[in-house]
Amino acid sequence: MKKNILTIIFLSSTFVLMADDHTEPNYSKFQANYFFNCPNEPACGAAFDKMMNNPDIKEQNFEAALSRITLQGNTNITHSINFYYKSAERFEAAEKLFSSSPAFGVFSQEMAAAGAEPYYNNLTSYLITEGDGRGANYGVTFVSDVNDPIVYFNAFKKMSSKMFKESFGGEAYLLRQQLTGGGNVTHSVSVYFDSSSGALDFLANYINTPQFGEFIEEAGDTFTPVRTYMEQALLQYNPD
C-alpha cells in the first residue's frame with residue numbers, strides 16, 4: 001500500500017524542464033514539490049539517482065533536485081524532490097513517460113524499501129525572481145498565507161531587489177504562488193546561499209535591515225507566516 005501511495009503522489013508531482021545553454025538563469029514556469037520522510041537518506045538518494053540516470057529518463061534532460069529539509073518544526077518531513085517544467089506540453093510528456101517507465105517502477109519499490117513515506121506535495125509557480133541561484137545549494141524558505149497578493153508582491157519585489165546590497169544578502173530570491181496543495185498556504189519565498197553559514201548569517205541579520213523594515217511597513221497584515229525551513233540540495237540534475 002505504501003508503495004502504491006508513493007507511486008500515485010510522485011506521478012502527480014513529476015514535471016519536466018528542458019535545459020539549454022545560457023549565461024542567465026532560465027527559471028521554470030512551474031515547480032512540482034514532493035515532500036517526504038526518509039529514514040535512510042543514502043538509500044533514497046541512490047534510488048533517485050538511479051532513476052534519473054536511466055537512459056530513457058536521462059536523455060530527456062529533466063531538471064530536478066533532491067534536497068534535505070531541516071529545522072522546519074515537523075519531524076514528518078526530512079526531504080523533498082522537485083521537478084521543474086516550462087509548459088503544460090512538457091508536463092504531459094513527462095506524465096506519459098513516467099507512467100510507463102520501468103525505471104520509475106523500480107524507483108518506487110526502492111523508495112518504499114528504504115522506508116520513505118510521502119507527506120505533502122504541491123504545484124507552485126514563480127511570480128518574482130531576483131538573482132541567480134544556480135550553484136547556491138543552501139536555502140531558507142518562508143511559507144505564508146497571503147490575503148492581498150498585489151500589495152505583498154510589490155513590497156517583496158522592492159525588498160528583494162535591495163537586499164542584495166547586504167553582505168549576507170544571498171544569491172537569489174524567489175517568490176512562488178501555490179497552485180495546488182491546499183491548507184493555509186498560498187505563497188512561499190526562498191533565499192539561496194553558497195553555504196549553510198551564509199544562510200545562518202542571513203537569518204541572524206535580515207530582520208534588522210531597513211529593507212525588511214520597509215517590507216513589513218508596506219506589506220502590513222497582508223500575510224500570515226506559516227512555517228520556515230532550511231534546505232540543502234544533495235543531488236541536482238540539469239540546473240537551468
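Analyst: Before we look at this predicted model, a definition is needed: a helix is a DSSP run of H or I covering at least four residues, and helices are numbered from the N terminus. With that in hand, we can read helix H5, which spans residues 102-113, and which is followed by Gly-115, a residue whose phi is positive, near 90 degrees.

User: How many residues does H5 have, and what distance does H5 reach from its first C-alpha to its last?

Analyst: H5 has twelve residues and reaches 17 Å between those two atoms, which is close to the 16 Å expected at 1.5 Å a residue. At its N-terminal end, H5 is capped by Ser-101, which places a side-chain oxygen 3.2 Å from the backbone nitrogen of Ala-103.

User: Which residues of H5 are buried, and why do they line one face of the helix?

Analyst: The general idea is that an α-helix has 3.6 residues a turn, so residues three or four places apart point the same way. In this helix, the buried residues are Ala-103, Phe-104, Phe-107, Ser-108 and Met-111. Viewed down the axis of H5, these buried residues fall within an arc of 140 degrees, and therefore they line one face. The face turned away from that buried side carries Pro-102 and Ala-113, which are exposed.

User: What do the strands form, and in which order do they run?

Analyst: Eight strands close into a barrel, in the order E1-E3-E2-E8-E5-E7-E6-E4, with antiparallel pairing. On average, neighbouring strands of this sheet are turned by 35 degrees against each other, if direction is ignored. As one example, strand E1 (residues 30-37) pairs with strand E3 (residues 79-85) over seven bridges in the antiparallel sense, and the bridge partner of Phe-36 in E3 is His-79.

Technical notes: Residues are numbered from 1 along each chain as its sequence is written. This is a predicted model: local features need pLDDT of at least 70, side-chain atom pairs count only at pLDDT 80 or more; totals for chains, interfaces and linings use all residues. Side-chain values use heavy atoms; hydrogens and water are left out. The expected span of a helix is 1.5 Å times one less than its number of residues. Buried means under 20% relative accessible area, exposed over 50%, partly exposed in between (1.4 Å probe, protein chains only). The arc is that of the directions from the helix axis to the C-beta atoms. A polar contact is a pair of N or O atoms within 3.5 Å; within protein, one must be able to donate a hydrogen and the other to accept it, and residues adjacent in sequence count only if both atoms are side-chain atoms. Two strands pair if DSSP finds at least two bridges between them. Axes are lines fitted to C-alpha atoms, for helices over the stretch in contact, and angles run from 0 to 180 degrees between N-to-C directions.
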